[in-house]
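Let's walk through this fold one feature at a time. Have the viewer open and keep asking.

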Amino acid sequence: MWLGGRGLLRILEQECFSLRRLSSARTSGGLRGPMAETLSTGTEAASELRAPTQQNGDADGDARDERPPGRLEPWAQGVELAPGFGKQTTGSEDPAPAAAPVPSKRKKRRGATGERVVPPPKKRRSGVSFGDEHFAETSYYFEGGLRKVRPYYFDFRTYCKGRWVGHSLLHVFSTEFRAQPLTYYEAAVRAGRLHLNEERVQNLSIVLKDNDFLRNTVHRHEPPVTAEPIRLLAENEDMVVVDKPSSIPVHPCGRFRHNTVIFILGKEHQLKELHPLHRLDRLTSGVLMFAKTAAVSERIHEQVRDRQLEKEYVCRVEGEFPANEVTCKEPILVVSYKVGVCRVDTRGKPCETVFQRLSYNGHSSVVRCRPLTGRTHQIRVHLQFLGHPILNDPIYNSVAWGPSRGRGGHIPKTDEELLRDLVAEHQAKQSLDVLDLCEGDLSPGLTDSTAPSSELGKDHLEDLATSAQKMDGVLEAAPQNLDAIALAPGNAAETDVVNQEIDPLCAECRLVRQDPLPQDLVMFLHALRYKGPGFEYFSPMPTWAQDDWQED
């Protein structure tokens with residue numbers, strides 16, 4: 001049947017309208033950003049959420065290069081909102097949505113009478129770097145051989161998590177963020193610390209919608225790190241090479257932001273917009289390379305992928321390591337990305353490390369390590385498998401692995417039992433930072449220490465807890481009724497402009513913790529040399545690797 005001119009025109013108009021609706025729906029869904037957590041003072045982030053670490057446009061690293069690209073990092077201390085409130089985009093940890101939403105060229109969708117309208121999402125910028133506004137958030141001070149960060153207010157920003165849509169904030173807090181009581185979240189709302197689409201939240205009963213943008217202000221405390229300076233080994237137009245001290249993370253993660261190599265270099269050496277070319281574990285020291293441009297970063301990463309880089313580490317291990325060269329090719333499996341634990345397993349990824357003993361003092365050996373692949377904790381896991389774990393490795397030389405401590409891959413417990421026992425041990429010792437965890441990250445499965453395995457007995461845990469209690473004390477009891485706390489209206493940072501180091505809602509502010517000793521922040525693993533086409537960088541041999549070094 002032939003259609004008249006008007007009928008054909010009407011059909012074409014309807015088809016164009018349908019296509020515009022389809023395109024709009026796809027765009028809206030695609031722009032909805034991940035939600036990172038942020039509503040629990042004194043904690044860093046919850047359960048499986050760890051937002052992708054994209055440090056100044058760089059994503060992968062030597063020590064962590066088999067982690068999935070979207071690996072989620074624990075959040076910083078403060079208020080958390082559900083697996084996903086507060087995406088810490090590494091260039092700034094402050095994603096683009098920080099700015100006021102840009103009006104859409106299209107007319108805003110109008111809801112029914114009384115219905116809350118959600119503005120369109122703001123497009124995120126990629127590769128955002130840290131700048132002076134971030135470095136000025138707080139300052140350092142030095143005490144007892146430690147670098148410390150003055151507590152400060154910080155905004156976490158995120159889009160609504162898909163599973164939160166249709167649920168109230170009260171429901172989200174009560175089901176996913178139980179590290180703090182609901183009275184805390186209610187007090188945070190009264191203090192003006194929670195914003196929805198840049199408007200203050202008035203009531204936790206508000207129901208979340210797709211593309212809702214949340215901003216939460218928290219009072220942030222960072223753990224201390226060694227006061228040892230970051231020394232520049234080399235600098236040219238392409239690269240910056242430093243000697244990283246132990247205990248300092250490379251980039252912001254977990255509870256660390258200003259106490260990181262990236263921030264220290266920016267604040268004290270005016271070196272900004274750097275691209276890490278590889279990563280070192282927080283407790284590992286030594287050669288750390290940065291590219292100054294994205295082009296140089298990509299070139300070096302191609303060399304890494306083509307196995308053109310030579311890496312050499314040195315460590316001190318338990319016992320008398322074999323005098324002859326030892327090659328370990330055992331595959332490594334990640335037991336938990338969240339806790340950061342790996343082990344040898346046939347289901348793991350192939351890897352290879354070559355070891356050569358340098359010295360033996362009758363109790364421990366200094367060993368040179370050449371990793372030919374770059375798996376997470378590769379050197380540490382292979383040394384544990386060989387029966388010579390790093391002398392002071394807080395994870396792979398732990399009693400939680402059983403009597404043989406993982407030698408030969410013998411672990412007489414399930415992965416769940418292993419993780420539970422590792423967490424229980426470090427929780428008792430007040431050292432969850434070693435596992436990049438804090439109390440708020442702990443799910444019931446990780447904290448069921450009422451039934452520890454036989455290798456980690458109740459008496460052992462009680463001894464650890466007693467020692468920790470002697471070190472840590474409570475300055476004052478946490479208030480039982482948060483309603484009684486007088487809070488000024490408005491943004492939390494306005495509550496105490498003169499002294500932002502003290503916050504009436506912050507549980508961490510009411511605790512006084514014994515500082516760690518500087519020597520307790522050192523693990524005996526050091527990146528000694530990195531060599532590639534046209535470059536080679538060395539770091540001095542650490543004191544603990546010297547022939548005349550004696551154990552305390």
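Q: Which side chain has a polar atom 3.1 Å from the backbone nitrogen of E352?

A: A polar contact is a pair of N or O atoms within 3.5 Å; within protein, one must be able to donate a hydrogen and the other to accept it, and residues adjacent in sequence count only if both atoms are side-chain atoms. Here the side chain belongs to T373, with a polar atom 3.1 Å from the backbone nitrogen of E352. The T373 side chain also makes a polar contact with the side chain of Q378, at 2.8 Å.

Q: Before we go on, what am I looking at?

A: It's a predicted model, where local features need pLDDT of at least 70 and side-chain atom pairs count only at pLDDT 80 or more, while totals for chains, interfaces and linings use all residues. Numbering starts from 1 along each chain as its sequence is written, and side-chain values use heavy atoms, with hydrogens and water left out.

Q: Where is T373 found, and is it buried or exposed?

A: Helices (H or I, at least four residues) and strands (E, at least two) are DSSP runs, numbered from the N terminus. T373 is in the loop between β21 (364–371) and α7 (378–385). Buried means under 20% relative accessible area, exposed over 50%, and partly exposed in between (1.4 Å probe, protein chains only). T373 counts as buried because its relative accessibility is 11%. As for contacts (heavy atoms within 4.5 Å), leave aside its neighbours within four places in sequence and T373 touches R307, K311, P350, C351, E352 and Q378.

Q: How do I read the chain as a whole?

A: Start with the totals: there are nine helices and 25 strands, and buried residues make up 53% of the 552 residues. Of the contacts with a separation of 6 or more, 73% are between residues 24 or more positions apart.

Q: Which residues touch the most other members of the largest nonpolar core?

A: In soluble globular proteins, nonpolar side chains tend to be buried together. A nonpolar core is a set of buried Ala, Val, Leu, Ile, Met, Phe, Trp, Tyr and Cys residues joined through side-chain atoms within 4.5 Å. The largest one here has 78 residues, and M289, F290 and F355 touch the most other members. A second, separate core of 19 residues includes F173, Y184, A188 and L208.

Q: Y184 and A188 sit in which helix?

A: An α-helix has 3.6 residues a turn, so residues three or four places apart point the same way. Y184 and A188 are in helix α4 (residues 182–190), where Y184, Y185, A187, A188 and V189 are buried. After α4 comes G192, with a positive phi near 75 degrees. Just after α5, Q270 takes a positive phi of about 55 degrees.

Q: What is the strand order in the open sheet of four strands?

A: Two strands pair if DSSP finds at least two bridges between them. The order is β7-β10-β8-β9, with antiparallel pairing. β7 (152–159) and β9 (199–200) are the edge strands, each pairing on one side only. Strand β8 (residues 194–196) meets β9 over two bridges, and L196 has E199 as its bridge partner in β9.

Q: How many bridges join β18 to β19?

A: Four, with the strands running antiparallel. Five of the five residues of β18 (332–336) are buried, and V334 stands opposite C342 in β19. The hairpin has four residues between its strands, and G340 there has a positive phi near 75 degrees. Y337 is in that loop too, and it counts as partly exposed because its relative accessibility is 32%.
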